Amino acid sequence: MPSLDNIRALISRLQPEAICDQCVVERLGLAPDVVVERAVRQLSGTCGIERRRGTCALCESEKIVSRQKS
């Protein structure tokens with residue numbers, strides 16, 4: 001399991017922008033993105049992180065993204 005603290009820190013640094021799971025994988029050098037998806041879902045709701053359909057600030061793709069609520 002990837003470090004939840006590293007994932008949360010990356011998402012928080014981008015606030016208020018959102019990031020997709022694939023960009024989390026690439027930025028943190030993790031694999032595979034299925035594991036990251038599980039980790040981000042675990043963080044959502046408990047650390048002020050929300051998941052929704054939107055545009056990733058890094059790759060600009062329309063997909064499920066995560067962001068730190070303000």
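The protein chain exposes about 4,000 Å², of which carbon and sulfur atoms supply 45%; accessible areas come from the Shrake-Rupley method with a 1.4 Å probe, and for residues only the protein chains shown count as cover. The structure is a predicted model, in which local features need pLDDT of at least 70 and side-chain atom pairs count only at pLDDT 80 or more, whereas totals for chains, interfaces and linings use all residues. Residues are numbered from 1 along each chain as its sequence is written, and side-chain values use heavy atoms, with hydrogens and water left out.

The secondary structure of the protein chain consists of three helices and three strands, arranged from the N terminus as α-β-α-α-β-β. The radius of gyration is 10 Å, close to the 11 Å that the globule rule gives for 70 residues, so the protein chain is as compact as a globular protein of that length. This radius is taken over C-alpha atoms, and the rule is 2.2 Å times the number of residues to the power 0.38. Helices (H or I, at least four residues) and strands (E, at least two) are DSSP runs, numbered from the N terminus.

Along the principal axes, the C-alpha atoms fill a box of roughly 25 × 25 × 20 Å. Of the 70 residues, 31% count as buried, that is, under 20% relative accessible area with a 1.4 Å probe and protein chains only; exposed means over 50%, and partly exposed lies in between. Among contacts (heavy atoms within 4.5 Å) between residues at least 6 apart in sequence, 51% join residues at least 24 apart.

The strands form an open sheet of three, in the order β1-β3-β2, with antiparallel pairing. Its edge strands are β1 (19-20) and β2 (49-55), each of which pairs on one side only; two strands pair if DSSP finds at least two bridges between them. Seven bridges join β2 to strand β3 (residues 62-68). Within this pairing, Ile49 stands opposite Gln68, and the partner of Glu50 is Arg67. The hairpin of β2 and β3 has six residues between the strands, and Glu60 there takes a positive phi near 60°.

Asp21 belongs to helix α2 (residues 21-28). This residue is buried, with a relative accessible area of 11%. Leaving aside residues up to four places away in sequence, Asp21 touches Val36, Glu37, Val40, Arg51, Ile64 and Ser66.
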